[in-house]
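This briefing concerns the protein shown below. Please consult the sequence and the model alongside the notes that follow.

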Amino acid sequence: MLRPVLTLARRLGLRAGRCAVCGAVRDTSGQGGGRPLCAACAEALPLRTGGLCPACGEMSGREEDPPSLCPECRADPPPWDELYFHGQYAGVMRRLILGYKFHNRFERNRLLGALGVSAFAARSGRVPDAVVPVPLHDRRLVWRGFNQSLEIARALARHADRPLLVHGLTRTRNTPPQTRFGLRERQANIKGAFTADPALVKDRRLLLVDDVYTTGSTLRECARTLKRAGCAGVDVLVLARTVLE
Ligand SMILES: [Zn+2]
Ligand SMILES: [Zn+2]
């Protein structure tokens, strides 16, 4: 499943002479000349398409098994239909998402976008009416300088040729980072933190985009908020999914 990633990344214009992950100088002569990643890093970003729950992404089966709903999602379905993701939040993927010193932000955004698009395309993602990123609070946006989810959403909107609703969701209050909390605290921390603009989302089928799925608390709250605003349905795309022990 290496080829779709490389092809898409190339199509999105990733051509710099260094690997976008490890900074190694790539051999730009010959066949793989346009590739954004060195062979080792590309191999370390496998695309997961089987042995998973299509709703929450739990990877309990063998890679070659078809997707099937896990018992938790059967008993208590999430407020979206499909969850698309590229692979596990570990190793190269984790380093890429956390930011890497060897390449500039623009190039990383392109690569993250390409990985998101390849995850969507590999599962034959349902084309939405519009794409909505999970927003950052203004204060955190100023501190970080950009919203990774927005950059991934931008690539998906371009790929699907559908509008990107930058203000479909708004964060109404700043919340402490979710990483500080356990599952139950995360749900309480994020509750009521978003509003959706009905003028933008009503009656539309949406693709909600974030960078990482950890417990799904933030995505659940976002999807519920969009549904309350009258959207026609939600699918979710993230780059990576945490594997909980
Ligand atoms: Zn590399
Ligand atoms: Zn599940």
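**Overview**

Of the protein's 245 residues, 40% are buried, a residue being buried if 20 or more other C-beta atoms (placed from the backbone) lie within 10 Å of its own, exposed if 12 or fewer, and partly exposed in between. This is a predicted model, in which local features need pLDDT of at least 70 and side-chain atom pairs count only at pLDDT 80 or more, while totals for chains, interfaces and linings use all residues. Residues are numbered from 1 along each chain as its sequence is written, and chains are lettered from A and ligands numbered from 1 in the order in which they are written.

**Fold and contacts**

- The protein has ten helices and six strands, taken as DSSP runs numbered from the N terminus (helices: H or I, at least four residues; strands: E, at least two).
- Among contacts (C-beta atoms, placed from the backbone, within 7 Å) with a separation of 6 or more, 73% join residues 24 or more positions apart.

**Nonpolar core**

- A nonpolar core is a set of buried Ala, Val, Leu, Ile, Met, Phe, Trp, Tyr and Cys residues joined through C-beta atoms within 7 Å.
- The largest one has 58 residues, and Leu156, Leu208, Val209 and Leu226 have the most contacts inside it.
- Beyond its neighbours within four places in sequence, Leu226 contacts residues including Val132, Leu169, Leu208 and Val234.

**Positive phi values**

- Asp161, in the loop between helix H7 (148–160) and strand E3 (169–171), has a positive phi of about 55 degrees.
- Asp203 has a positive phi near 60 degrees and lies in the loop between helix H9 (198–201) and strand E5 (205–213).
- Asp203 counts as exposed because it has 9 C-beta neighbours inside 10 Å.

Technical notes
Two residues are in contact if their C-beta atoms, placed from the backbone, lie within 7 Å.
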